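Here is a short briefing to read alongside the structure. Please have the sequence and the 3D view open as you go through the points.

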Amino acid sequence: MKLRLAIEELHRSENHLAGALLAMSDRHKADHEIFHVARDIARWSQDHVRALADIGQEFGLDLDPEPEGDPTILEKTRQKASDLMGRSSAPGLLLLADLRHIYREASGTSLDWELLAQGAQGARKKELLELAQRCHPQTLRQVRWANGKLKESATQVLVS
């Protein structure tokens, strides 16, 4: 059954989204809203990772229930080196780049939830459909948060 592939992909997407949110939070510690909200909504993705690992067992999957944590020291060092080499020297531009990344990641994850829900509905997998119906709204809120912050920040960053 191809639902296994959808569950695996969604598990990977949620893990990646959580990691991206935590990394963004670390890079923008001075912006309290970004720091705290990104951490809060990263927990949703981490919860989704655990839920997907749990339900994946019913489909013969052995997914890691522990979500990826904060970025590793190597990843932080790589990011710092990238910043120092001029990838994004202005904090405002870095924030926009991070928000664009989060928006794209969350949108892709939302699409994965939609696909899983359609598959679960077609295969009459009630628990899987209920999981999608419970988690997908939180992913949509992550998309809306990133979009809203982009709109709020873009004018000031791009016009100044």
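Let's begin at His36, which lies in helix α2. This is a predicted model, and in it His36 is partly exposed, with a relative accessible area of 44%.

**Overall fold**

- The protein has 5 helices and 0 strands, so a walk along the sequence gives the pattern α-α-α-α-α.
- Of its 160 residues, 44% count as buried.
- Take the contacts between residues at least 6 apart in sequence: 77% of them join residues at least 24 apart.

**Helix α2 and its start**

- Helix α2 has 25 residues, and from its first C-alpha to its last it reaches 36 Å, close to the 36 Å expected at 1.5 Å a residue.
- At the start of α2, the backbone nitrogen of Glu33 has a side-chain oxygen of Asp31 within 3.2 Å.
- His36, where we began, is 11 residues from Ser25 in sequence, and the two are 7.2 Å apart in space, C-alpha to C-alpha.
- Ile34 is another residue of helix α2, and it counts as buried because its relative accessibility is 0%, against a cut-off of under 20%.
- Setting aside residues up to four places away in sequence, Ile34 touches Met24, His28, Leu95, Leu99, Trp145 and Lys149.
- Ile34 and Ala146 are 112 residues apart in sequence, yet their C-alpha atoms are 9.9 Å apart in space.

**Nonpolar cores**

- In soluble globular proteins, nonpolar side chains tend to be buried together.
- Here the largest nonpolar core has 20 residues, and those with the most contacts inside it are Leu21, Met24, Ile34, Leu99, Ile102 and Trp145.
- At least two residues of this core come from each of α1 (3-27), α2 (32-56), α4 (91-123) and α5 (126-159).
- A second, separate core has 19 residues, among them Leu52, Trp113, Ala117 and Leu128.
- What is Met24 in contact with, leaving aside its neighbours within four places in sequence? Its partners are Ile34, Ala38, Asp98, Leu99, Ile102 and Trp145.

- Ala23 and Arg39 are 16 residues apart along the chain, and 9.2 Å separates their C-alpha atoms.
- Ser25 also lies in helix α1 and is buried, with a relative accessible area of 0%.
- Beyond its neighbours within four places in sequence, Ser25 is in contact with Phe35, Ala38 and Arg39.

**Helix α4: His101**

- His101 has its place in helix α4 and is partly exposed, with a relative accessible area of 31%.
- Which residues is His101 in contact with, once its neighbours within four places in sequence are left aside? They are His16 and Ala20.
- The C-alpha atoms of His101 and Ala20 are separated by 8.0 Å, although these residues are 81 apart along the chain.

**The loop between α4 and α5**

- Arg124 lies in the loop between α4 and α5, and its relative accessible area of 75% makes it exposed.
- Phi of Arg124 is near 60°, which is a positive value in a residue other than glycine.

**The second largest pocket**

- The second largest pocket has a volume of about 190 Å³.
- Its lining is made up of His28, Ala30, Asp31, Pro91, Gly92, Leu95, Lys149, Glu152, Ser153, Gln156 and Val157.
- The elements giving two or more residues to this lining are α4 and α5, and α5 gives the most, with 5 residues.

Conventions:
Residues numbered from 1 in each chain as written. Predicted model: local features only at pLDDT ≥ 70, side-chain atom pairs only at ≥ 80, totals over all residues. Heavy atoms only, no water. Core = buried A, V, L, I, M, F, W, Y, C linked by side-chain atoms within 4.5 Å. Buried < 20%, exposed > 50% of the residue type's maximum accessible area, 1.4 Å probe, protein only. Helix = DSSP H or I, 4+ residues; strand = E, 2+ residues; numbered from the N terminus. Contact = heavy atoms within 4.5 Å. Expected span 1.5 Å × (residues − 1). Polar contact = N/O pair within 3.5 Å; in protein donor to acceptor, adjacent residues only side chain to side chain. 1 Å grid on protein atoms, 1.4 Å probe; cavity = no way out; pocket = protein on both sides within 12 Å on 5 of 7 lines; lining within 4 Å. Points joined across faces, edges and corners; volume = space filled by probe spheres on them.
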